[in-house]
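Biologist: I should like to go through this structure term by term. Please set each value against its definition as we proceed.

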Amino acid sequence: MGTQANTPQRQTVYVCQGTGCSSSRSPEITALLREEVERQGLAGGVKIAFAGCHGFCENGPIVIVEPEGVFYTRVTVDDARDIVRSHLAKGQIVERLLYRDPATGAVAVHYPEVAFYAKQKRNVLQHCGHINPEEIDDYLAVGGYAALRKALTQMTPADVIAEMKRSGLRGRGGAGFPTGLKWEFCNREVADQKYMICNGDEGDPGAFMDRSVLEANPHSVIEGILIAAYAIGASEGYFYIRAEYPLAIRRINIALQQAAERGMTGENVFGSGFFFTPHVKKGAGAFVCGEETALIASIEGRRGMPRPRPPFPAQKGLWGKPTTINNVETLANVPLIIDRGAEWFAGFGTEKSKGTKVFALTGRVRNTGLVEVPMGISLHDVIFDIGGGIPNGREFKAAQTGGPSGGCLPAKLLDLPMDYESLTQAGSIMGSGGLVVMDETTCMVDVARFFLSFTQAESCGKCVPCRVGTKQILDILEKITQGKGRMEDLALLDELARGVNVSSLCALGQTAPNPVMSSLRHFRHEYEQHILEKRCEAAVCEALVDSPCQHTCPAGVDVPRQLRLMMEGKPFEALAVVRDSNPFPAVIGRVCDHPCERRCRRGKLDSPVSIRGIRRYLADLVEQDPRWSEAPSEVRHEEKVAVVGSGPAGLSAAYYLARMGYPVTVFEALPVAGGMMAVGIPDYRLPPHVLQREIAAITRLGVEIRTNSPIGPDRTLDDLRKEGYRAFFVAVGAHRSQS
């Protein structure tokens with residue numbers, strides 16, 4: 001504490017009560033703030049309110065003090081009283097609750113200073129987190145319903161449609177169809193009844209854009225649907241929201257009631273003669289109901305299954321009447337365009353992808369949450385500048401856009417513009433805005449399997465290509481992840497994916513193969529590794545992995561067994577486990593780059609187990625203990641073996657041959673044994689006495705090491721044969737003259 005706040009006459013404290021922050025007890029924080037404000041006698045100058053999602057879900061619960069814009073993160077119930085007693089009562093900011101950038105450590109006091117928001121352009125999300133979603137006056141105070149008044153009193157339906165066409169707004173639900181053109185089709189139809197539907201059936205795993213807008217600013221969506229209904233000539237409409245979004249449903253119902261009380265819906269809105277009756281329909285959670293005709297069937301009380309088109313919904317939709325369907329984000333853009341003009345909106349984005357887009361940034365990235373950026377921004381800027389990059393020092397591997405029907409983009413495409421055309425060309429889609437970031441611990445074959453399992457389970461089963469084709473693709477992917485795949489499966493996967501893509505009835509089936517097609521295109525080597533080497537590099541596929549750390553270790557050390565023996569107080573046995581795979585435990589404890597630790601599952605919680613450090617400690621502890629020794633093999637072979645080169649490969653070969661009972665002689669051209677371990681690693685990293693200690697352990701097994709003994713023109717392998725050596729191991733790294 002100590003930083004002085006600029007304390008104005010009247011302050012408002014907004015506590016985020018989106019779904020994420022509410023699950024972290026933000027309603028209790030709100031109640032405690034109110035109690036403490038009353039207790040401190042500050043009620044006359046301070047208002048405690050709640051708001052919707054700020055988008056920065058990684059740092060919730062979030063509390064903002066306005067009008068200064070002081071930004072508190074990860075607030076707990078225990079922090080509530082400190083905010084009142086320090087900040088509100090004394091004007092001193094509670095510094096421990098301020099946001100600290102995980103990459104730079106920089107502290108941000110005010111909302112605009114937070115790096116997460118710096119490269120965003122928040123149009124749809126501009127009021128989310130800054131107004132109370134259950135108070136229509138808050139929305140009116142920031143210009144709410146002005147666009148509706150303008151449309152109804154100053155523009156004809158044709159004018160509204162023309163403005164939308166000039167703006168270049170495309171549907172944000174996934175297909176990207178031009179919104180103005182879609183409205184025009186329905187406007188041209190002649191019918192006694194038309195319907196306008198808001199599609200809030202957001203079903204992509206990891207996506208929460210529409211839910212957050214409905215929770216944080218429901219009136220913007222209501223205003224959008226009213227303008228759209230006016231443009232197409234609809235007098236009745238539906239908000240179709242999945243039942244798994246109870247908070248969104250509650251807030252849209254509250255907002256609709258408030259709008260009706262203020263005359264925004266119902267008869268003769270703004271004296272224009274326009275009337276509109278809204279309804280809220282709960283969806284049962286079927287992913288396929290995101291498709292227009294399946295959604296219509298669900299509202300009608302039938303099973304949510306798509307039908308062939310034409311006729312299109314604009315011709316024959318809900319109950320056979322002309323119908324237009326737009327998703328939540330599309331409708332939330334509409335008031336902005338009408339209020340500020342098509343040219344303003346078209347000033348963002350690219351030539352063919354206008355405006356901004358909201359993405360749900362999730363996965364292996366420091367800053368998860370909702371981001372709104374201009375179309376055409378690079379994938380790199382979203383992930384690294386806004387998302388803060390990959391945590392725990394890991395490497396970026398891939399990003400999946402477009403939800404389960406999207407594609408996986410590799411690191412070489414980080415500079416790809418995020419627009420409809422660029423993503424499609426790269427083998428992915430924009431979709432509704434899901435963006436999942438993956439690091440080196442992700443197996444791309446398993447990712448394809450996961451998303452196929454989702455789309456296969458969500459298939460309505462109406463058409464054979466989707467019902468049968470996705471199941472066949474999934475079966476092959478499961479076989480590959482189990483180590484039972486064949487190379488010919490890759491050609492079959494590609495053929496099936498293309499077949500399902502071109503012949504399925506609806507977009508669910510048509511786009512379901514995208515994760516497979518894109519991962520085959522960009523990560524084919526991982527499929528081949530699973531098939532040919534029976535190996536999963538990311539240590540994810542359980543059938544191919546004993547444990548991630550052992551699987552990743554180049555020497556294949558049984559790390560879990562080693563650690564278990566250490567915990568049981570058996571260091572001699574633990575060291576024996578290491579030496580079963582590598583005769584240099586003290587060396588690797590100092591110079592190994594420890595890939596095992598990058599795969600350690602503990603690292604997903606806090607910090608990985610220091611496997612290299614434990615191995616170094618174990619070797620130093622045991623190898624200096626006079627009780628420790630490794631007995632030579634009881635089996636003795638007569639055939640002598642010559643090893644050329646005393647580097648790590650040569651000495652390892654000599655060690656394991658000696659353990660098998662063979663008499664071994666190592667020939668080394670240099671005056672010292674150890675190869676690059678002795679002459680290539682600085683002493684401060686690998687002290688010579690440590691290396692010599694481990695070489696001595698090898699010689700105690702009966703291995704003879706002859707230094708200054710090159711194998712070359714003066715002494716050849718034929719000479720060694722004459723000396724009675726019957727087998728030879730020429731170590732990798734031995735001098736060319738030796739080999």
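Modeller: Let us begin with a definition: the expected span of a helix is 1.5 Å times one less than its number of residues. Helices (H or I, at least four residues) and strands (E, at least two) are DSSP runs, numbered from the N terminus. This is a predicted model, in which local features need pLDDT of at least 70 and side-chain atom pairs count only at pLDDT 80 or more, while totals for chains, interfaces and linings use all residues. Residues are numbered from 1 along each chain as its sequence is written, and side-chain values use heavy atoms, with hydrogens and water left out.

Biologist: What pLDDT does the protein average?

Modeller: The average is 90, and 98% of the residues score at least 70; pLDDT is the predictor's confidence in each residue, from 0 to 100. Over residues 734–739 pLDDT stays under 50.

Biologist: How do you know that the span of helix 13 agrees with expectation?

Modeller: Helix 13 (residues 328–340) has 13 residues, which at 1.5 Å a residue should span 18 Å; the end C-alpha atoms are 19 Å apart, so the two agree. Just after helix 13, Gly-341 takes a positive phi of about 100°.

Biologist: What makes helix 13 mostly covered?

Modeller: Of its 13 residues, 11 are buried, where buried means under 20% relative accessible area, exposed over 50%, and partly exposed in between (1.4 Å probe, protein chains only). Among the buried residues of helix 13 are Val-328, Glu-329 and Pro-335.

Biologist: Why is Tyr-230 called buried?

Modeller: Its relative accessible area is 14%, under the 20% limit, so Tyr-230 is buried. Phe-274, with 9%, is therefore buried as well.

Biologist: What makes Trp-344 and Phe-348 an edge-to-face pair?

Modeller: Their centres lie 5.4 Å apart, with 85° between the planes. Trp-344 has a relative accessible area of 23% and is therefore partly exposed, whereas Phe-348 has 16% and is buried.

Biologist: Why is Thr-73 said to be buried?

Modeller: Thr-73 has 7% relative accessibility, so it counts as buried. Thr-73 is found in the loop between strand 4 and helix 3.

Biologist: How do you know that the side chains of Arg-659 and Asp-580 make a polar contact?

Modeller: A polar contact is a pair of N or O atoms within 3.5 Å; within protein, one must be able to donate a hydrogen and the other to accept it, and residues adjacent in sequence count only if both atoms are side-chain atoms. The contact between Arg-659 and Asp-580 is 2.9 Å, and the side chain of Arg-659 also makes a polar contact of 2.9 Å with that of Tyr-655. Arg-659 lies in helix 29 and, with a relative accessible area of 30%, is partly exposed.

Conventions. Contact means heavy atoms within 4.5 Å. Rings of Phe, Tyr and Trp (its six-membered ring) pair if their centres lie within 6.5 Å; planes under 30 degrees apart count as stacked, over 60 as edge-to-face and the rest as tilted.
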